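Please look at the sequence and the structure first, and then read the points grouped below.

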Amino acid sequence: MNIENVGLFSKLDIRVGKIVKAEVFEEAIKPAYILTIDFGEEIGLKKTSAQITNYQLDELVGVRCIGVINLGDKQIGPIISQCLILGSINENGDVLLLQPSP
């Protein structure tokens with residue numbers, strides 16, 4: 001990684017949030033959920049879509065996740081995505097949410 005990329009990375013506002021609502025994103029081209037995430041009193045609630053359908057909807061509510069909150073809003077079908085939650089892909093191709101340690 002060169003020094004220019006380090007500077008860009010340092011500008012990302014990465015926060016811990018808690019998923020308070022998860023629903024099926026019916027209009028999505030690929031299976032996805034619409035998530036509402038609470039990033040605390042200073043930031044508040046933000047919505048995003050995520051292709052994490054290897055999780056059940058009911059197991060997502062209450063889960064703490066890590067998200068980037070300063071990328072700007074992006075129109076994704078009928079919703080405006082306001083953040084990007086972070087994850088990794090396992091050997092089965094499933095997306096695993098990055099989560100803070102307890």
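Of the 102 residues of the chain in this predicted model, 30% count as buried, where buried means under 20% relative accessible area. The accessible surface of the chain comes to about 6,800 Å², and carbon and sulfur atoms account for 53% of that surface.

**Overall form**
- A compact globule of 102 residues would have a radius of gyration near 13 Å, and the 14 Å of the chain agrees with this.
- The C-alpha trace spans about 40 × 35 × 35 Å along its principal axes.
- Among the contacts with a separation of 6 or more, 52% are between residues 24 or more positions apart.

**Elements of the chain**
- The chain contains two helices and nine strands.
- Their order from the N terminus is α-β-β-β-α-β-β-β-β-β-β.

**Strand E2 and its partners**
- Strand E2 covers residues 33-38, and five of its six residues are buried, so the rest of the structure largely encloses this strand.
- Strand E1 (residues 14-24) pairs with E2 in the antiparallel sense over six bridges, and Lys21 stands opposite Thr36 in E2.
- Strand E3 (residues 45-50) is also antiparallel to E2 and is joined to E2 by six bridges; here Ile37 stands opposite Lys46 in E3.
- E2 and E3 form a hairpin with six residues between them, and Gly40 in the turn has a positive phi of about 95°.

**Charges**

Note on methods: Residues are numbered from 1 along each chain as its sequence is written. This is a predicted model: local features need pLDDT of at least 70, side-chain atom pairs count only at pLDDT 80 or more; totals for chains, interfaces and linings use all residues. Side-chain values use heavy atoms; hydrogens and water are left out. Helices (H or I, at least four residues) and strands (E, at least two) are DSSP runs, numbered from the N terminus. The radius of gyration is taken over C-alpha atoms; the globule rule is 2.2 Å times the number of residues to the power 0.38. Buried means under 20% relative accessible area, exposed over 50%, partly exposed in between (1.4 Å probe, protein chains only). Contact means heavy atoms within 4.5 Å. Accessible areas come from the Shrake-Rupley method with a 1.4 Å probe; for residues, only the protein chains shown count as cover. Two strands pair if DSSP finds at least two bridges between them.
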